[in-house]
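Please consult the sequence and the three-dimensional view below while reading.

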Amino acid sequence: MAGVPASVGELGPGDSLGAGLAAMLSGADRYFALDVVRFANVERNLKIFDELVELFRRREPIPGAEEMPGVSPKLDSYEFPRPILTEDQLARALADDRVRAIRQALAGHEEPAGPIRITYAAPWYEAGVVQSGAADMVFSQATLQHVDDLELAYRSLSAWLRPGGYTTHQINLSCHYTAGEWNGHWAYSDLAWKILRGGRSYLINRQPHSVHVALLERHGFRILLDQKRTRESGIARQRLAPRFRGLSDEDLTTEGCFVIAVKRGA
Ligand SMILES: C[S@@+](CC[C@H](N)C(=O)[O-])C[C@H]1O[C@@H](n2cnc3c(N)ncnc32)[C@H](O)[C@@H]1O
């Protein structure tokens with residue numbers, strides 16, 4: 001549908017496919033949910049989907065800081081996005097047949113006849129989960145700080161997107177309760193970090209802001225927005241573990257970011 005990406009992917013949806021389902025209710029026909037562990041279950045997703053349908057039909061505002069205080073990026077407006085989702089667009093996107101087809105795809109019933117498709121792959125590393133160039137947009141929310149193999153993730157993002165396709169990522173670069181100071185994760189030696197991680201399937205990769213920016217650029221993206229959240233360092237430079245001693249002042253004080261990038265070559 002005009003103005004809305006037809007094919008949307010998400011890295012690390014966690015226990016709810018809600019963001020991707022909202023993309024479908026906005027007009028996307030195809031959603032790829034790509035995680036490392038299958039956290040979401042069908043029953044919960046169907047419940048979330050039914051609630052989203054009602055919210056869209058009522059043109060409800062986006063939940064703001066009171067309802068979801070931890071969610072970033074902060075928006076300029078939490079109104080229902082009428083300038084993007086016009087009434088014509090919504091009439092098509094929320095047509096009964098279409099909503100039924102999305103629900104059917106979500107429930108995992110036999111493939112619907114039309115264009116609607118949902119793929120939930122966990123783990124996603126197998127080649128070909130998303131065909132090369134098949135996605136118009138791939139996003140992640142609070143995920144890229146957890147991905148162990150960032151090189152593979154950014155290379156895959158680039159392969160999945162068509163030239164001119166967009167990618168957006170909210171990345172939280174703080175210690176995630178592994179230390180007393182917000183950036184204390186950069187003080188642990190590699191050995192101490194390995195012990196702290198134990199057998200978990202993921203923790204945080206401890207990569208700073210500049211690594212994400214460099215990977216985006218290396219894998220063929222042009223950065224359109226790099227909104228950084230900065231904070232005074234919680235630890236003195238001499239406490240940094242050897243592999244993080246070279247962190248720039250900028251990296252040492254960047255606690256999170258929201259980036260939007262476009263794949264070159266359109
Ligand atoms: C903090 S949760 C965020 C979940 C959801 N996006 C949200 O905002 O609520 C982190 C997510 O990253 C996923 N994750 C960790 N390593 C990953 C990887 N290598 N590839 C894809 N997802 C990964 C986790 O499984 C989990 O779903």
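With which residue does Arg58 form a salt bridge? The partner is Glu60, and the closest N and O atoms of the two residues are 3.1 Å apart. The model is a predicted one, and it holds 19 salt bridges. The points below take up several of these pairs and then turn to the ligand.

**Salt bridges**

- Side chains of opposite charge can pair when their charged atoms come close.
- In the pair formed by Arg58 and Glu60, Glu60 counts as partly exposed because its relative accessibility is 30%, a value between the limits of 20% for buried and 50% for exposed.
- Arg197 and Asp148 meet through their side chains in a salt bridge, with an N to O distance of 2.8 Å.
- Arg197 belongs to helix α6 (residues 190–197), whereas Asp148 sits in the loop between β4 (135–141) and α5 (150–160), so this pair ties together parts that are 49 residues apart in sequence.
- Asp148 has a relative accessible area of 47% and is therefore partly exposed.
- Lys228 and Glu250 form a further salt bridge, in which the closest N and O atoms lie 2.2 Å apart.
- This pair links distant parts of the chain, 22 residues apart: Lys228 is in strand β6 (residues 221–230) and Glu250 is in helix α8 (residues 249–252).
- Both partners are partly exposed: Lys228 has a relative accessibility of 33%, and Glu250 has a relative accessible area of 44%.

**Ligand surroundings**

- There are 16 residues around the ligand, of which Gly12, Gly14, Asp35, Trp124 and Gln141 come nearest.
- The residues of this shell divide into ten nonpolar, five polar and one charged.
- Trp124 uses its side chain instead, with an N or O atom 2.8 Å from a nitrogen atom of the ligand.
- The side chain of Tyr125 likewise places an N or O atom 3.3 Å from a nitrogen atom of the ligand.
- On its own, the ligand has 600 Å² of accessible area, and the protein covers 79% of that area.

Conventions
Residues are numbered from 1 along each chain as its sequence is written. This is a predicted model: local features need pLDDT of at least 70, side-chain atom pairs count only at pLDDT 80 or more; totals for chains, interfaces and linings use all residues. Side-chain values use heavy atoms; hydrogens and water are left out. A salt bridge is a side-chain nitrogen of Lys or Arg within 4 Å of a carboxyl oxygen of Asp or Glu. Buried means under 20% relative accessible area, exposed over 50%, partly exposed in between (1.4 Å probe, protein chains only). Helices (H or I, at least four residues) and strands (E, at least two) are DSSP runs, numbered from the N terminus. A residue is near a molecule or strand if one of its heavy atoms lies within 4 Å of it. A polar contact is a pair of N or O atoms within 3.5 Å; within protein, one must be able to donate a hydrogen and the other to accept it, and residues adjacent in sequence count only if both atoms are side-chain atoms. Accessible areas come from the Shrake-Rupley method with a 1.4 Å probe; for residues, only the protein chains shown count as cover. Ala, Val, Leu, Ile, Met, Phe, Trp, Tyr, Cys and Pro count as nonpolar, Asp, Glu, Lys and Arg as charged, and the others, Gly among them, as polar.
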